[in-house]
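Here is a short report on one structure. Look it over, then read on.

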Amino acid sequence: MSSLTVSEQEVSANATPAKIIQPAWVRALHWTNAVAMVLMIMSGWQIYNASPLFDFRFSSSLTLGGWLGGALLWHFAAMWLLMVNGLIYLALGLATGRFRKKLLPITPAGVIADTRAALTGKLSHEDLSKYNYVQKLLYAGVIVVGIVIVLSGLSIWKPVQLQYLTALFGGYEAARYVHFVCMALIVAFMVVHIALALLVPKSLRAMIIGR
Ligand code: HEM
């Protein structure tokens, strides 16, 4: 007798031909971004600890670089990976029409309806190739936050050369707060994103990645 549950059997029966939701370039850029983000966050926390903006420090077990100088080296090295990877992602997302197809439109009514459906357990997971409105909002939102964290990072890295950019954020100190808040939003996004990814049943994931 098969050890599959009924729902897994149903999914297996429907699994051919497999529907590939994420093309290879999206997956490659996504995982490169994940590595770069983790390096940026952990080194950023070490930088923060040297001169905290708030009344707390991050545990040294979660930081990278050992001290301020080491952390800055990590931060500026991983920055290139993050920026080059991010620029390729933005260029391909726009050129292939993926952003338009996958993330738009985002309507307030759609977001409210899907939030309500999610909270009452009625959100449809039938077609995983289509994002619901909450997903669209979160994915589009984290892309915008990613752009803002890079711009605020550049403005605190080169506040003299990029003084107009720094001024746009309200000055060096304000840009530091913007940079930190963006980091917090990205970390919050990652926690939810990873939790939901782990909750998706393995059988459905196999369909998604076409295995
Ligand atoms: C091009 C991208 C980036 C550049 C140029 C950049 C640059 C910088 C610089 C120069 C600092 C030091 C600020 C200071 O001396 O007070 C800093 C701090 C920091 N960065 Fe970045 N950063 C970038 C991206 C990121 C990303 C993606 C994250 C995390 C997701 C991040 C997280 C942090 C954190 C948490 C701090 C410490 C905040 C503070 O105390 O000021 N950075 N960054």
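## A buried threonine and its surroundings

Thr63 is buried, with a relative accessible area of 12%. Buried means under 20% relative accessible area, exposed means over 50%, and partly exposed lies in between, using a 1.4 Å probe and protein chains only. This is a predicted model, in which local features need pLDDT of at least 70 and side-chain atom pairs count only at pLDDT 80 or more, while totals for chains, interfaces and linings use all residues. Residues are numbered from 1 along each chain as its sequence is written, and side-chain values use heavy atoms, with hydrogens and water left out.

Thr63 sits in the loop between helix H2 (24-50) and helix H3 (68-95). Helices (H or I, at least four residues) and strands (E, at least two) are DSSP runs, numbered from the N terminus. The side chain of Thr63 makes a polar contact with the side chain of Gln46, at 2.8 Å. That side chain of Thr63 also reaches the backbone oxygen of Ser60, at 3.0 Å. A polar contact is a pair of N or O atoms within 3.5 Å; within protein, one must be able to donate a hydrogen and the other to accept it, and residues adjacent in sequence count only if both atoms are side-chain atoms.

Which residues does Thr63 touch, not counting residues up to four places away in sequence? They are Met42, Trp45, Gln46, Asn49 and Phe58. Contact here means heavy atoms within 4.5 Å.

Asn49 belongs to helix H2. Asn49 is buried, with a relative accessible area of 11%. Neighbours within four places in sequence aside, Asn49 is in contact with Arg57, Phe58 and Thr63.

## The whole chain

The protein chain has 9 helices and 0 strands. Buried residues make up 32% of its 211 residues. Take the contacts between residues at least 6 apart in sequence: 65% of them join residues at least 24 apart.

Leu138 is found in helix H6. Leu138 is partly exposed, with a relative accessible area of 42%. The C-alpha atoms of Leu138 and His193 are separated by 9.5 Å, and the two residues are 55 residues apart along the chain.

## The second largest pocket

The second largest pocket holds about 680 Å³ of space. Its lining draws two or more residues from each of H2, H3, helix H6 (133-157) and helix H8 (172-199). H2 gives the most, with 7 residues. The lining has 27 residues, and Ile47, His75, Gly153, Ile156 and His179 lie nearest the pocket centre. By class, the lining has 21 nonpolar, 5 polar and 1 charged residues. Ala, Val, Leu, Ile, Met, Phe, Trp, Tyr, Cys and Pro count as nonpolar, Asp, Glu, Lys and Arg as charged, and the others, Gly among them, as polar.

A pocket is found on a 1 Å grid over the protein atoms alone: it is an open set of points where a 1.4 Å probe fits, with protein on both sides within 12 Å along at least five of seven lines, and lining residues have an atom within 4 Å of a point.

## Around the ligand

How many residues surround the ligand? There are 22, and the closest are Met40, Gly44, His75, Arg176 and His179. A residue is near a molecule if one of its heavy atoms lies within 4 Å of it.

| Residue | Ligand atom | Distance |
|---|---|---|
| His75 | nitrogen | 2.8 Å |
| Arg176 | oxygen | 2.5 Å |
| His179 | nitrogen | 2.8 Å |

Terms used
Grid points are joined across faces, edges and corners, and a volume is the space filled by probe spheres set on the points.
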